[in-house]
Number of protein chains: 2
Amino acid sequence: MATIARMSMNLITLGKRSLDEMLPACAEHGIGTVALWRNHLEETGLARTRELLEHHGLAVSSLCRGGFFPAASADERARRIDENRTAIDEIAGVGGDLLVLVCGAAEGQPLADARAQIREGIAAIAPYARERGVRLGVEPLHPMLCDARSAIATLDEAVDVVEDVGAVNVGVIVDVYHVWWDPYLARAIARAGEHILGFHVSDWITPNGDVLAQRAMMGDGCIDIAGIRGLVEAAGYAGPIEVEVINPAIAARPLPELLGTIAQRFEAV
Amino acid sequence: MATIARMSMNLITLGKRSLDEMLPACAEHGIGTVALWRNHLEETGLARTRELLEHHGLAVSSLCRGGFFPAASADERARRIDENRTAIDEIAGVGGDLLVLVCGAAEGQPLADARAQIREGIAAIAPYARERGVRLGVEPLHPMLCDARSAIATLDEAVDVVEDVGAVNVGVIVDVYHVWWDPYLARAIARAGEHILGFHVSDWITPNGDVLAQRAMMGDGCIDIAGIRGLVEAAGYAGPIEVEVINPAIAARPLPELLGTIAQRFEAV
């Protein structure tokens, strides 16, 4: 059983609320760690965010998100690398040390080109991140998002990227929503081993009308979360377990009820 | 370039029309091969279907579909194996020799169980099929359908199934819609080699609201169809290239226009 002490609340799960509302509520529910999105930092500012986190005794497991390296022109790719450097400054600025990378995919671009540009982009930002004590987590996304969000579609492929880049501060994120279907998941997780920098949980329900925003609450769908967690832990991962349920209908529930449900499910599932 | 002589028209592409309407139209458009669905045979009958095919000089590349092996109870699994035997009789009865298997997935069942039951189901029907001159094509479906339609989610996994079952008349179907995103596709196709029994083409557009029925016309999406075709052929496949565009909006177009577009795209893309 995972206790609430292992939980990190990815704040997208709670929808479009302010940090001023969400952070105290998390603390009141016994949550000690949160994952932020860049829009939170834009709205609240780095200094004020850091102040809120400290006031409520909250740690930061990660910042979502860097990445989106593929683009048609070299100028645009350079601009995106700069944007990733800014995100690295932001996570360091709020006392965190992990930037999640959603690697990207450029419309109309061959997958092989996107995959090469992703390697180039990560190699370009890894030294900058290392100097600031920031790790980079390559998150493979579900293959249904391969043309829209991430040309990195399996955990094995994410580990290939990590090995190709060869920087000590680059690893992978295992999100059950994206990898649960993989017939070679056990082998891939074992292979990822010490490269696993984060583990995200939500659930999958079929049919999945809006592929981006219909994630289910843990326990409402078909993913063997406990089983995958066992594999991840057998591979050596002992860090936070991040709840990331992207679903406006879930996010719209009253916050106390929502947080109560999440806590209950987190421990039960 | 693929010429129309290589095309097989999977009739689901043309929507809910009768064989009496579709088969003459295909023949008039220079199409020499079609793929049928079991509902066509139910509506038209085996004898009349065979008569229509012969009259219009049409060959049958495959029948869609057998499979759906996983189920909660042994009785239900036995019933499904019987249903597959009926489908084998049907394809043999209209002069065809290939049954496409959509392997299935039972709601609430662990993937490992579904995958074991799929192997058991195929092993149970393979001898029956062989006696009737019928090959069985395991079609991996896109991972977004892993909980709804097929626990076999990658081509490598389909080849694993073929090797595990070890029957000479069991192979795989490569459908670009389902496998295009796979980072290891080239290697998997090379490995599949002589086991490739069919090659289906359509295209993928993101976002994909209805994951079952939004297939795009070849050339309208992002799949490198020619590239994948090159891999399939390098692996030794020289059979029909089946057009299977499941999309009610496309299917609703006037038939002459639709067939003209398909023929044009087939040759161009």
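Predicted model: local features only at pLDDT ≥ 70, side-chain atom pairs only at ≥ 80, totals over all residues.
Residues are numbered from 1 along each chain as its sequence is written, chains are lettered from A and ligands numbered from 1 in the order in which they are written, and side-chain values use heavy atoms, with hydrogens and water left out.

**Figure 1. An aromatic pair formed by W181(A) and W181(B).** A search of the whole structure finds 1 aromatic pair over all chains. Rings of Phe, Tyr and Trp (its six-membered ring) are paired if their centres lie within 6.5 Å; planes under 30 degrees apart are stacked, those over 60 are edge-to-face, and the rest are tilted. The ring centres of W181(A) and W181(B) are 5.5 Å apart and the planes stand at 85°, so the pair is edge-to-face. The pair crosses between chains: W181(A) belongs to the loop between α7 (176-179) and α8 (185-192) of chain A, and W181(B) to the loop between α7 (176-179) and α8 (185-192) of chain B. Helices (H or I, at least four residues) and strands (E, at least two) are DSSP runs, numbered from the N terminus. W181(A) counts as buried, at 1% relative accessibility, and W181(B) is buried with a relative accessible area of 1%. Buried means under 20% relative accessible area, exposed means over 50%, and partly exposed lies in between (1.4 Å probe, protein chains only).

**Figure 2. Arginine charges over the ring of Y128(B).** The charged end of R85(B) sits over the ring of Y128(B), 5.7 Å from the ring centre. R132(B) lies over the face of Y128(B), at 3.5 Å from the ring centre. A charge sits over a ring if NZ of Lys or CZ of Arg is within 6 Å of the ring centre and within 35 degrees of the ring normal.

Figure 3. Leaving aside neighbours within four places in sequence, I125(A) is in contact (heavy atoms within 4.5 Å) with F69(A), I81(A), N84(A), R85(A), I88(A), L101(A) and L136(A). From C-alpha to C-alpha, I125(A) and L136(A) are 9.0 Å apart in space, and they are 11 residues apart in sequence.

**Figure 4. Packing of α8 and α9 in chain A and in chain B.** Two packed helices are described by the angle between their axes and the distance between the axes. In chain A, α8(A) and helix α9 (residues 225-234) pack at an angle of about 30°, with their axes 8 Å apart. Axes are lines fitted to C-alpha atoms, for helices over the stretch in contact, and angles run from 0 to 180 degrees between N-to-C directions. L185(A), A186(A) and I189(A) in α8(A) meet I228(A), L231(A) and V232(A) in α9(A). By class, this contact of α8(A) with α9(A) has 6 nonpolar, no polar and no charged residues. Ala, Val, Leu, Ile, Met, Phe, Trp, Tyr, Cys and Pro count as nonpolar, Asp, Glu, Lys and Arg as charged, and the others, Gly among them, as polar. In chain B, the axes of α8(B) and helix α9 (residues 225-234) come within 8 Å and cross at roughly 30°. The residues in contact are L185(B), A186(B) and I189(B) of α8(B) and I228(B), L231(B) and V232(B) of α9(B).

**Figure 5. Backbone features at R65 and F68 in chain A and chain B.** Most residues other than glycine have a negative phi, and most peptide bonds are trans. The peptide bond from C64(A) to R65(A) is cis, with omega near 5°, and R65(A) has its place in strand β3 (residues 59-67) of chain A. The peptide bond from C64(B) to R65(B) is cis, with omega near 0°, and R65(B) is found in strand β3 of chain B. Phi of F68(A) is near 50°, a positive value in a residue other than glycine. F68(A) lies in the loop between β3 and α4 (74-93) of chain A and is partly exposed, with a relative accessible area of 24%. F68(B) has a positive phi of about 50° although it is not a glycine, and it counts as partly exposed at 25% relative accessibility.
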